[in-house]
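My entries follow in the order in which I looked things up.

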Amino acid sequence: MKITYLDLKMINHASKHELMEAFESVLDSGWYILGNKLEQFEKQYAAYSNTNYCIGVANGLDALILSLKALDIKAGDEVIVPSNTYIASWLAVSYVGATPIPVEPNWETCNIDPLLIESKITERTKAIMPVNLYGQAAQLDLITEIANKHNLFVLEDNAQAQGALCKGKITGSWGHINASSFYPGKNLGALGDAGAITSNDENLNNKVRIIRNYGSQKKYFNEIKGVNSRLDELQAALLSVKLNVLDAQNSQRIALAEIYNQQLQNVGDLTLPTLADSCTSVYHIYQVRTSRRNELQNYLTENGIGTIIHYPVPPHLQEAYAELAYKKGDFPIAEKIAEQTLSLPLYPGMQNEDVFTVIETIKKFFNG
Ligand SMILES: *Cc1c(COP(=O)(O)O)cnc(C)c1O
């Protein structure tokens, strides 16, 4: 590949010196789980998220599961989820025994359509889980209004949008409780698996803290049957370094996305990313849509340009969800996105020149 979809090595090498120092500091401390590196990162990420509390956990899926457990969501309950999302959002609901109730996205923004939520609320509904997909804040203001009106919890899946805003308020701060992933490819990426939960609710915070550590506050005394889902000292120390450069890296992503946005207008039948009113994107993913998606992807591959499809099969059509008995046509917007979407190369540190090469190659494809 001349132009890779993502260059994680380059992203992390930009902070190599600081990351090596953080590594050495953890190594030399002799303390590797639940120590002051984690405490420091939790404080730092709570401040970044404008929330009172942050709890580091093992990964993003666990962050969602532990959040649902803290809200006491269980078998018999329903949680409203987007039909267009990464399957982890749905899996978390399933893992606590509840049922994911899909709601279609708005075709323009690809995020859950607030106008379609109310018709899916039943007596069993306990929570709404907006996902800030591709780096764009969902319409969290409207979603919060609906949740308040119906007495529902909001749990943001903020795995893809650390730093995005809705009405000037940062993602990961809107819900009663919010889950984040620091999987290496996310905007705030660790050098392994990691995740976090943010909230302003002291009760929920205390509950999650106990659940993530075997149900124990005091070593060897267990109040509940918890799990082991701790963010380790090493990843926490590395994440503190990465958090310091997150805003700068998000700005680079936005600048690159703006070049794509300008230059790809009116090219072929491309649909470019659209932002909802008062929502921003930190472009975790820059995705375009075209009816000739597979052809375009092959053409770019032949020309040495890497792309990815996020995601080729929506959750309701995955074998894993055969039990819900959905069929093709049940969520046509999510299905059309899955058929048409293509994510173009975009990462902090990517050269403008490379963005222009991608653009020229796409133009050549459409203009013969
Ligand atoms: C990455 C991701 C997750 C899960 O995060 P992991 O850290 O991989 O467990 C959840 N939801 C969405 C939308 C994601 O993109």
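Entry 1, backbone. I looked up Asn 50 and placed it in the loop between helix H3 (36-48) and strand S1 (53-57). The model is a predicted one. I noted that Asn 50 has a positive phi of about 55° although it is not a glycine. I flagged the angle because most residues other than glycine have a negative phi.

I then went through the peptide bonds. I found a cis peptide bond between His 310 and Tyr 311, with omega at about 5°. Tyr 311 belongs to the loop that lies between helix H10 (293-302) and helix H11 (332-340).

Entry 2, strands. I asked in which sense strands S2 and S4 pair. Strand S2 (residues 78-82) and strand S4 (residues 125-128) are parallel, and three bridges link them. Opposite Ile 80 I found Ile 128 of S4. Ala 127 has Phe 153 in S5 as its bridge partner.

I checked which pocket the ligand takes up, and its space is the largest pocket. I listed the residues around the ligand: Asn 59, Gly 60, Leu 61, Tyr 86, Ala 88, Val 131, Asp 157, Ala 159, Gln 160, Ser 181, Tyr 183 and Lys 186. By class, I sorted this shell into six nonpolar, four polar and two charged residues.

I looked up the distances to oxygen atoms of the ligand. For Ser 181, a polar side-chain atom lies 2.7 Å from a ligand oxygen atom. For Leu 61, a backbone N or O atom lies 2.8 Å from an oxygen atom of the ligand. For Lys 186, I read 3.0 Å between a polar side-chain atom and an oxygen atom of the ligand. Finally, I asked how much of the ligand the protein covers. The ligand has 380 Å² of accessible area on its own, and the protein covers 90% of that area.

Methods. Residues are numbered from 1 along each chain as its sequence is written. This is a predicted model: local features need pLDDT of at least 70, side-chain atom pairs count only at pLDDT 80 or more; totals for chains, interfaces and linings use all residues. Side-chain values use heavy atoms; hydrogens and water are left out. A residue is near a molecule or strand if one of its heavy atoms lies within 4 Å of it. A polar contact is a pair of N or O atoms within 3.5 Å; within protein, one must be able to donate a hydrogen and the other to accept it, and residues adjacent in sequence count only if both atoms are side-chain atoms. Accessible areas come from the Shrake-Rupley method with a 1.4 Å probe; for residues, only the protein chains shown count as cover. On a 1 Å grid over the protein atoms alone, a cavity is a set of points where a 1.4 Å probe fits but cannot get out, and a pocket is an open set with protein on both sides within 12 Å along at least five of seven lines; lining residues have an atom within 4 Å of a point. A molecule sits in a cavity or pocket if more than half of its atoms lie within 2 Å of its grid points. Ala, Val, Leu, Ile, Met, Phe, Trp, Tyr, Cys and Pro count as nonpolar, Asp, Glu, Lys and Arg as charged, and the others, Gly among them, as polar. Two strands pair if DSSP finds at least two bridges between them. Helices (H or I, at least four residues) and strands (E, at least two) are DSSP runs, numbered from the N terminus.
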